[in-house]
Amino acid sequence: MIEIKDVYKSFGTLEVLKGINLTVEKGEVVSVIGGSGSGKSTLLTCINGLEPINSGSILVDGVEVHAKTTDLNKLRRKIGIVFQQFNAFPHLTVLENVTLAPRKVLGMSKPEAEAIAEKQLAHVGLGDKLAVYPGRLSGGQQQRMAIARALAMSPEYVLFDEVTSALDPQLVGEVLDTLKLLADDGMTMICVTHEMTFARDVSDRVAFFHKGIMAEIAPSKEFFNAPQHPETQKFLSNIRS
Amino acid sequence: MFTYTFQWRQAWQKIPLLLDGALVTLEIALLSMAMGVAFAVILAVARNSKSRWIYAPATVWVEVARNTPALFQIYMAHFGLGSFGIHLSPYIALLAGITFNNAGYLAETFRGALRAIPGTQLRAARSLGMPQTQAFRLVIMPQMFRIAFLPTTNQMVWAILMTSLGVTVGMNTDLAGVTQDINVRSFRTFEIFALAAVIYYLIAKAVTLGARLLARRMFRY
């Protein structure tokens, strides 16, 4: 369970998060939508401790992420994150990209890690690209590789940060399909996204961020059929028109 | 005007001696590069540090190494330190001087290379649970070396040529030292220096070509 309690976060004088409260249960899929600069991506990097917070607390399975005593390296093993810009390691092959962390962080043997990596890569449809360097892959393939890389660590939570935003439109579908498979497998996911269809069909709940505040959160059907907050209504009608 | 008679035969006979010297030259160049690269990585990281106590000494090193003559740096290692009772042999002084110089130049090359790697690479590595140093070693450094590879090769050629400055501190076993020794004994100045120059040229060329082949093997992405 991820518990976000009254989290404030600023970059210099810019307040990005202004008192966020959100609890994500095991097995739940929560989509976070909102305009750019609304703080949604920042929230994700705060959850796995890549960014510090100013006040409040974030607990992952009861462990306080931003406590000084918390071993973040250990905690991050169970929180996968996939970024907008793929962040493939260009000097490693697809297979090496995926086996790197299981071998070096979890201490798996090479064959052991490769077996897991091959399974994950086959799952995202890259079973025939193992020996290829990321530079030779399309954006969609690189992003699916990044998903396999996160999953190879057997995380309990996966955070998706606008994973389709940097993709050509015709490649968005293949990545969303991968996410859908993952959600069907019961993975706990927080997806920052601009894909409204995905948010509506795949997630259990949808949250709307506006200027650092979570203006609204509701089960996805309710959220799209009867948005309560005026800003949510404005945002959704802008998208639809 | 042209009364100099070439006597190449005498010079040819010295080729084995010159080649022995060339080996010493290559040895010093390789050692100074290996140590230079190691120091340069540390300096490059230190130069990005926010702590003044780490940043300042590294910056002084880089500034002095890059903006004073290599000859002075070698002189300082031999005669300068000698004034304080620290006596380095010509070999060690030469090695230290060139290492100091290499590290200064390479540090800037590496720092530039580090800047060229997106910060998101480090974030991605850290988010997989890697500690900072491991992420740097496994994800950042390999990319840094690739970007910096060609300038590093240039520095290697410089290192080879800089070893010739060793004569000024009494180095007499490297190629320049051996050449000078033969010169003062035979006075076949033109012939012997011309031959030595050809050998320097061939070593430098071989290193450049070797580096190119190595790059083709190492960087397949």
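**Helices, a hairpin and a chain contact**

Trainee: Is the crossing of helix 3 of chain A and helix 5 of chain A left-handed or right-handed?
Mentor: Helix 3 of chain A and helix 5 of chain A cross in the right-handed sense (the near helix is turned clockwise from the far one by less than a right angle; helices are DSSP runs of H or I, at least four residues, and strands of E, at least two, numbered from the N terminus). This is a predicted model, where local features need pLDDT of at least 70 and side-chain atom pairs 80 or more, while totals for chains, interfaces and linings use all residues. Residues are numbered from 1 along each chain as written, with chains lettered from A and ligands numbered from 1 in written order.

Trainee: At what angle do helix 3 and helix 5 of chain A pack?
Mentor: Helix 3 (residues 94-104) and helix 5 (residues 139-151) of chain A pack at about 25 degrees, with axes 8 Å apart (lines fitted to C-alpha atoms over the stretch in contact, angles running from 0 to 180 degrees between N-to-C directions), so the two helices are roughly parallel (under 35 degrees).

Trainee: Which residues meet there?
Mentor: From helix 3 of chain A, Val94(A), Asn97(A) and Val98(A) meet Met145(A), Ala148(A) and Arg149(A) of helix 5 of chain A (C-beta atoms, placed from the backbone, within 7 Å).

Trainee: Switching topic, how do strand 9 and strand 10 of chain A pair?
Mentor: Strand 9 (residues 205-210) and strand 10 (residues 213-219) of chain A pair in the antiparallel sense over six bridges (pairing takes at least two DSSP bridges), and Ala207(A) stands opposite Ile217(A) in strand 10 of chain A. Their hairpin has two residues between the strands, and Lys211(A) takes a positive phi near 50 degrees there.

Conventions
Angles under 35 degrees count as roughly parallel, over 145 as roughly antiparallel, 65 to 115 as roughly perpendicular and the rest as oblique. Two residues are in contact if their C-beta atoms, placed from the backbone, lie within 7 Å.
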